[in-house]
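Colleague: Before I plan anything around this protein, could you take me through how such a structure should be read, one feature at a time?

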Amino acid sequence: RVTSDVTINNTTTLTNVTGAAFAVAASEVLWFVFLIHGIASVAAQALDFTLTGPTIGAGSIRFGVGGTPSAAFRQDAATYGTRVVFLASTVLDQNIILSGVLVNGATAGTVQLQFSQHAADATNATIYTNTLAIAGRIS
């Protein structure tokens, strides 16, 4: 659980959302959901999200985020580090759900949520306190 707001400004550099993470064991299969409450202060400002984690090896990951569908923005990914985009049609101040399934390889570790502005803007973008990650074991 995120215990203090994470705010970025004028950057497309990915930033860890401290507290929005979960542990994964070697060879574990998990479903996961990140319940994100965020704000971008500019109408139609998109936020990028991605995940980092342990080396998957022969495993796989698939994750995605909902939002306004747009051919210009990727909304699902199959590798750590690939950005998925949440685009709000108005000023973004709402709940965002990023979900997926992980078939982990032989390396245990932590899966971490990161975010950035999609286009650098001098207004703040914030992920709020109480954003959280939930994960459950499939096998």
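Predicted model: local features only at pLDDT ≥ 70, side-chain atom pairs only at ≥ 80, totals over all residues.

Colleague: How many salt bridges does a search of the whole structure find?

Modeller: A salt bridge here is a side-chain nitrogen of Lys or Arg within 4 Å of a carboxyl oxygen of Asp or Glu. By that rule, the search of the whole structure finds three. In one of them, Arg137 pairs with Glu28, with 3.6 Å between the closest N and O atoms. Arg137 lies in strand 11 and Glu28 in the loop between strand 2 and strand 3, so the pair ties together parts that are 109 residues apart in sequence. Strands are DSSP runs (E, at least two residues), as helices are (H or I, at least four), and they are numbered from the N terminus.

Colleague: What is the N to O distance in the salt bridge between Asp76 and Arg62?

Modeller: The side chains of Asp76 and Arg62 meet at 2.7 Å, N to O. This pair links distant parts of the chain, with Asp76 in strand 6 and Arg62 in strand 5 (residues 60-65), 14 residues apart. Asp76 is partly exposed at 36%, and Arg62 is partly exposed at 44%.

Colleague: With which residue does Arg83 form a salt bridge?

Modeller: Arg83 forms a salt bridge with Asp48, and their closest N and O atoms are 3.1 Å apart. The two are 35 residues apart, Arg83 being in the loop between strand 6 (76-77) and strand 7 (84-87), and Asp48 in strand 4 (residues 46-52). Arg83 is partly exposed, with a relative accessible area of 29%, while Asp48 is buried at 3%.

Colleague: Which side chain makes a polar contact with the side chain of Asp48?

Modeller: A polar contact is a pair of N or O atoms within 3.5 Å; within protein, one must be able to donate a hydrogen and the other to accept it, and residues adjacent in sequence count only if both atoms are side-chain atoms. For the side chain of Asp48, the partner is the side chain of His118, at 2.6 Å.

Colleague: Which residues of the largest nonpolar core touch the most other members?

Modeller: In soluble globular proteins, nonpolar side chains tend to be buried together. A nonpolar core is a set of buried Ala, Val, Leu, Ile, Met, Phe, Trp, Tyr and Cys residues joined through side-chain atoms within 4.5 Å. The largest one has 31 residues, of which Phe32, Phe34, Phe49, Leu51, Leu98 and Leu113 touch the most other members. Strand 3 supplies the largest share of this core, five residues.

Colleague: Where does Ser27 lie, and where is the place of Asn130?

Modeller: Ser27 is in the loop between strand 2 (15-24) and strand 3 (29-40), and its phi is near 65°, a positive value in a residue other than glycine. Asn130 is in the loop between strand 10 (124-127) and strand 11 (132-137), with phi near 80°, again positive in a residue other than glycine. Ser27 is exposed at 53%, and Asn130 is partly exposed at 45%.

Notes: Residues numbered from 1 in each chain as written. Heavy atoms only, no water. Buried < 20%, exposed > 50% of the residue type's maximum accessible area, 1.4 Å probe, protein only.
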